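Please consult the sequence and the structure as you read.

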Amino acid sequence: YAIRFFYERIFDRGPKVVFNIEIIRGFNIPATQPGNPNIHLWQQSIYLTNWGKTPATNIVIPHRLIPFYRNISVPAISKTREDLPNRTITIESIAPGELVTITYLDYFDYSPTAIQGQIVYDQGVAREIPLFVTRYPNKWFVRARRLFVIIGIAALLYFCYFKIPIYLQII
């Protein structure tokens, strides 16, 4: 993997579109009048970016179902077009380093499989990058952990250089 990564970073000059599908979030909106039911909304986002060195063109995002409420956050230089009969969203171009966010909001629960098929563009197929949300430790915890590692290495070196030769002389 490392060789492929460095090869692509150094020699590959074409576009490389990657995407991430955010986890589904649910919102419960309480009723404003007594007797009315609560409203439960679902929200999900797709993030597209170009890690390559040249612009990616004609990015097509196929869907099983396009929610009624959607927001496509694309910088002003790019254009989008939605083809509702074919259930696709097409983005004209994504410049290198540009981030495009598509946010869905609806009453129904959507799964990450709401995207049907592969996200394709003129130069290839987009690759999904899974992101895992992790807790970042506090600064004092990181510093204490580094200190314990340094103390452990120092103790190991002390034992190897000063104690082992004494045991070898006894034997």
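**Surface patches and an aromatic pair**

V149, I153, L157, Y158, Y161 and F162 make a nonpolar surface patch of about 660 Å². This is a predicted model, in which local features need pLDDT of at least 70, side-chain atom pairs count only at pLDDT 80 or more, and totals for chains, interfaces and linings use all residues. Residues are numbered from 1 along each chain as its sequence is written, and side-chain values use heavy atoms, with hydrogens and water left out.

Q: Is V149 buried, partly exposed or exposed?
A: Buried means under 20% relative accessible area, exposed over 50%, and partly exposed in between (1.4 Å probe, protein chains only). The relative accessible area of V149 is 47%, so this residue is partly exposed.

Q: In which helix is V149 found?
A: Helices are DSSP runs (H or I, at least four residues), numbered from the N terminus. V149 is found in helix α2.

Q: How are the rings of W140 and F141 arranged?
A: Rings pair if their centres lie within 6.5 Å; planes under 30 degrees apart count as stacked, over 60 as edge-to-face and the rest as tilted. By this rule there is one aromatic pair. The ring centres of W140 and F141 are 6.0 Å apart and their planes lie at 85°, so the pair is edge-to-face.

Definitions and conventions. Patches are made of residues with over 30% relative accessible area and no salt bridge: like charges are joined within 9 Å, nonpolar side chains (Val, Leu, Ile, Met, Phe, Trp, Tyr) within 5 Å. Accessible areas come from the Shrake-Rupley method with a 1.4 Å probe; for residues, only the protein chains shown count as cover. A salt bridge is a side-chain nitrogen of Lys or Arg within 4 Å of a carboxyl oxygen of Asp or Glu. Helices (H or I, at least four residues) and strands (E, at least two) are DSSP runs, numbered from the N terminus.
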